[in-house]
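Reader: Please show the model, and then let us go through some of its side chains.

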Amino acid sequence: MGRGARTLGGMGADSTDFIAKLRQIEEQANCAYAELGPGLCGTRLQHIVVLAMTLRGRLEFGSAVIDRKQVGRSATAEA
């Protein structure tokens, strides 16, 4: 598959890779927070986790909405 090619489910390969990287950022920030505990660095790490989760959620949810619209169009086209 080439760059930006579509994968199963309608999500691009680049988006799938980006979502996986955001999940890794969440995991690493959570691990670092567990080691550091409360404080300024801990608060910043929590912000990183929330931002990564928000971005990942937008990408995952956005692709699901697009897929549903595409399925709806194909169903009405067949009718």
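Author: L45 lies in helix α2, helices being DSSP runs of H or I with at least four residues, numbered from the N terminus. This is a predicted model, where local features need pLDDT of at least 70, side-chain atom pairs count only at pLDDT 80 or more, and totals for chains, interfaces and linings use all residues. Residues are numbered from 1 along each chain as its sequence is written, and side-chain values use heavy atoms, without hydrogens and water.

Reader: Is L45 buried or exposed?

Author: Buried means under 20% relative accessible area, exposed over 50%, and partly exposed in between (1.4 Å probe, protein chains only). L45 has 14% relative accessibility, so the residue counts as buried.

Reader: Which residues does R56 touch, not counting those up to four places away in sequence?

Author: R56 is placed in helix α2, residues 40-78. Contact means heavy atoms within 4.5 Å. By that criterion R56 touches I19, L22, R23 and E26.

Reader: How many residues apart in sequence are the parts that E26 and R56 tie together?

Author: The side chains of E26 and R56 form a salt bridge at 2.6 Å, N to O, a term for a side-chain nitrogen of Lys or Arg within 4 Å of a carboxyl oxygen of Asp or Glu. E26 is in helix α1 and R56 in helix α2, so the pair ties together parts separated in sequence by 30 residues.

Reader: Which residues do salt bridges that share partners join into one network?

Author: R23 forms a salt bridge with E60, with closest N and O atoms 3.0 Å apart. E26 and R56 meet in a salt bridge too. The network formed through shared partners consists of R23, E26, R56 and E60.

Definitions and conventions. Helix = DSSP H or I, 4+ residues; strand = E, 2+ residues; numbered from the N terminus.
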